[in-house]
Each structure stands twice: as structure tokens, then as C-alpha cells.
Amino acid sequence: QVRLVESGGGLVQAGGSLRLSCAASGFTFSIYTMGWYRQAPGKERELVATISRGRTTYADSVKGRFTISRDNAKNMVNLQMNSLKPEDTAVYYCTRGPGNYWGQGTQVTVSS
């Protein structure tokens, strides 16, 4: 079955960096668009970034700061987050589709 397992979240000061990783299994990883969503307390879930064959998309709020990448040989998708802001605090979810299958989420907390 489809399985997505995120890792790499944590607590970081504003201006710092974190790298999230998602290990995928149970499907032919290379043919699917993958993405990262996030959900902050009291807010709707937001699509942060997607990656498909040779194309990436980003939410305006993270453009220039976040970079999504994938390693099809390892079935991994990553999210490099730089220049983090307190408003980036959220649970981050790896998704296939995106939005069809979800991981359990990893907490990112950015302190001011």
C-alpha cells in the first residue's frame, strides 16, 4: 500500500533552515507528482510546493526560500526550507498527487 513517511521537522530560530524528507513506498514513485502541504493551528491546509517531471511550483509565501527536490532512485522527496519565519510554523505533510495520499506529518516550529 501507499506509504509516505516524513522526517526532519523540529524547532529552529527565525532565519534558520530545515530540510524535510519524505520516504515513499508502495507505488511507482517516479511517475507521480509529489507535494508538500502545511497546516498551521486554526488555518486551512496550504499547498506549499509540488514537483513533477522537470517542473516545480511554489506558494507565493515560500518562493525564493523553499526548494523542493526528488530522488527517484531512492523514492524520496525533500523540502529545503531557508530563511524561515515564525509564520512558517505548521505541520508539514508529504503528499502524492498531490493531495491523494498523505503522510503523518512533521512539526516545524520557528521561534522569533
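Predicted model: local features only at pLDDT ≥ 70, side-chain atom pairs only at ≥ 80, totals over all residues.
Hi everyone. Let me start with a definition: buried means under 20% relative accessible area, exposed means over 50%, and partly exposed is what lies in between. N75 has a relative accessibility of 23%, so N75 counts as partly exposed.

N75 sits in the loop between β7 and β8, and its phi is positive, about 55 degrees, although the residue is not a glycine. S83 is another residue other than glycine with a positive phi, near 50 degrees. You will find S83 in the loop between β8 and β9, and at 41% relative accessibility S83 is partly exposed as well. Why point these out? Because most residues other than glycine have a negative phi, and most peptide bonds are trans.

Which one is cis, with omega near -5 degrees? The bond from G97 to P98. G97 lies in the loop between β9 and β10, which covers 101-102, and P98 is placed in the loop between β9 and β10 too. G97 is partly exposed, at 30% relative accessibility. If you follow G97 across the fold, you come to T50: the two are 47 residues apart in sequence, with a C-alpha to C-alpha distance of 9.1 Å.

Now for the charges. How many salt bridges does a search of the whole structure find? Four. Please find R38 on your screens, in strand β4, residues 34-39. R38 makes a salt bridge with E46, at 2.8 Å from N to O. R38 also makes one with D88, at 2.9 Å from N to O. This second pair links distant parts of the chain, with D88 in the loop between β8 (76-81) and β9 (90-96), 50 residues from R38.

How accessible are these partners? R38 and D88 are both buried, with R38 at a relative accessible area of 7%. E46, by contrast, is partly exposed, at 28%.

R65 comes from the loop between β6 (55-58) and β7, and its relative accessibility is 9%, so R65 counts as buried. Leaving aside neighbours within four places in sequence, R65 is in contact with Q80, M81, N82, S83, L84, K85 and D88. Notice S83 in that group; that is our residue with the positive phi.

For contrast, look at K63 and D60. They form a salt bridge with the closest N and O atoms 3.2 Å apart, and here both K63 and D60 are exposed.

On to the rings. The count comes to four aromatic pairs. For F27 and Y32, the ring centres are 5.4 Å apart and the planes stand at 85 degrees, so this pair is edge-to-face. F27 is buried, at 14%, while Y32 is partly exposed, at 28%. Y93 and W102 also pair edge-to-face, with 6.0 Å centre to centre and 85 degrees between the planes. Y93 is buried, at 13%, and W102 is partly exposed, at 32%. Back at F27, there is a cluster to see: F27, F29 and Y32 form one aromatic cluster.

The charged end of R70 sits over the ring of F29, 4.5 Å from its centre. R45 lies over the face of W102, at 4.3 Å from the ring centre.

Last stop, the interior. In soluble globular proteins, nonpolar side chains tend to be buried together. The largest nonpolar core here has 28 residues, and the ones with the most contacts inside it are W36, V77, L79, M81 and Y92. Which strands each supply at least two residues of this core? They are β3 (18-25), β4, β5 (46-52), β7 (66-71), β8, β9 and β11 (106-111). β3 gives the most, with four residues.

Thanks, everyone. Happy to take questions!

Key. Residues numbered from 1 in each chain as written. Heavy atoms only, no water. Salt bridge = Lys/Arg side-chain N within 4 Å of Asp/Glu carboxyl O. Buried < 20%, exposed > 50% of the residue type's maximum accessible area, 1.4 Å probe, protein only. Phe/Tyr/Trp six-rings, centres within 6.5 Å; stacked < 30°, edge-to-face > 60°. Lys NZ or Arg CZ within 6 Å of the ring centre and 35° of its normal. Core = buried A, V, L, I, M, F, W, Y, C linked by side-chain atoms within 4.5 Å. Contact = heavy atoms within 4.5 Å.
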